[in-house]
Amino acid sequence: MRRRGFGVHSPFAFRLITEVIGERHPFYDYKRLPGENDKLLYRFAAWLQPSEIKEYGKASAAVAKIACPHREQPRKPTSWAQVDSARLAVAQGLGIEETKNLLSEKWVVWLHCDKEMMKQLRAAQLEAMAFLLHREGVAILFPFEHLPRQVIEI
């Protein structure tokens with residue numbers, strides 16, 4: 001049910017869930033993307049439009065870079081999201097401390113993780129709004145002060 005946004009009160013979280021995570025319509029670039037997680041990362045990067053994208057650990061940010069070919073150009077402000085200067089870290093194989101370090105530097109973190117890391121993220125007192133996508137093995141973490149500190153499990 002959470003994939004449709006039911007029971008989510010934050011407008012930011014609702015829009016992320018309905019416009020990115022639960023989106024079912026194909027993008028024109030999907031032919032170039034091999035897996036479902038690649039398609040999800042593509043939709044997320046296209047939605048977020050980060051000003052900078054970096055890879056950490058064993059992750060590849062190539063899909064995110066495909067979704068944002070014009071990162072150098074100024075973005076239109078989106079006041080509802082307040083993430084106009086977001087920087088995206090695509091990571092895999094990071095520990096909880098390395099993840100916290102990225103959050104402290106105000107990176108939005110897309111983290112490929114296993115069940116054990118999901119448990120650690122749930123238990124950690126993160127300074128972030130966290131979305132734990134169990135089926136995909138992905139955690140999305142937003143370190144912005146205007147967002148509530150909560151964990152949304154999907």
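1. Strands β2 and β3 run parallel and are joined by 6 bridges; strands here, like helices, are DSSP runs numbered from the N terminus, with at least two residues (E) for a strand and at least four (H or I) for a helix. Gln-92 has His-112 of β3 as its bridge partner. The model is a predicted one, in which local features need pLDDT of at least 70 and side-chain atom pairs count only at pLDDT 80 or more, while totals for chains, interfaces and linings use all residues. Residues are numbered from 1 along each chain as its sequence is written, and side-chain values use heavy atoms, with hydrogens and water left out.

2. The pair belongs to an open sheet of 6 strands, ordered β1-β2-β3-β5-β4-β6, with mixed pairing, where two strands are said to pair if DSSP finds at least two bridges between them. Its edge strands, each pairing on one side only, are β1 and β6. From one strand to the next the twist averages 15°.

3. Helix α2, residues 36-48, lies across β2, β3, β4 (129-133) and β5, and runs at about 175° to β3. Helix α4 lies across β1, β2, β3 and β5, running at about 155° to β3. Contact, here and below, means heavy atoms within 4.5 Å.

4. Within α4 (residues 96-104), the residues Ile-96, Thr-99, Leu-102 and Leu-103 are buried; by relative accessible area, with a 1.4 Å probe and protein chains only, buried means under 20%, exposed over 50%, and partly exposed in between. Seen down the axis of α4, its buried residues fall within an arc of 120°, so they line one face of the helix; the arc is that of the directions from the helix axis to the C-beta atoms. On the other side of α4, Glu-97 and Ser-104 are exposed. The cover over the buried residues of α4 includes β1 (52-57), β2 (87-92), β3 (107-112), α5 (115-123) and β5 (138-142). Just after the helix, Lys-106 takes a positive phi of about 65°.

5. Thr-99, in helix α4, deserves a separate look. What is its relative accessible area? The value is 0%, and Thr-99 is therefore buried. When neighbours within four places in sequence are left aside, Thr-99 is in contact with Leu-94, Val-109, Leu-111, Met-117, Leu-121 and Leu-141.

6. Val-151 counts as partly exposed because its relative accessibility is 35%. With neighbours within four places in sequence again left aside, Val-151 is in contact with Ala-130 and Leu-132. Ile-140 is 11 residues from Val-151 in sequence, and their C-alpha atoms are 10.0 Å apart in space.

7. For the protein chain as a whole, there are 5 helices and 6 strands, and from the N terminus on, the elements run α-α-β-α-β-α-β-α-β-β-β. Of the 154 residues in the chain, 47% are buried. Among contacts between residues at least 6 apart in sequence, 48% join residues at least 24 apart. The chain exposes about 8400 Å², of which carbon and sulfur atoms supply 51%; accessible areas come from the Shrake-Rupley method with a 1.4 Å probe, and for residues only the protein chains shown count as cover.

Definitions and conventions: Axes are lines fitted to C-alpha atoms, for helices over the stretch in contact, and angles run from 0 to 180 degrees between N-to-C directions.
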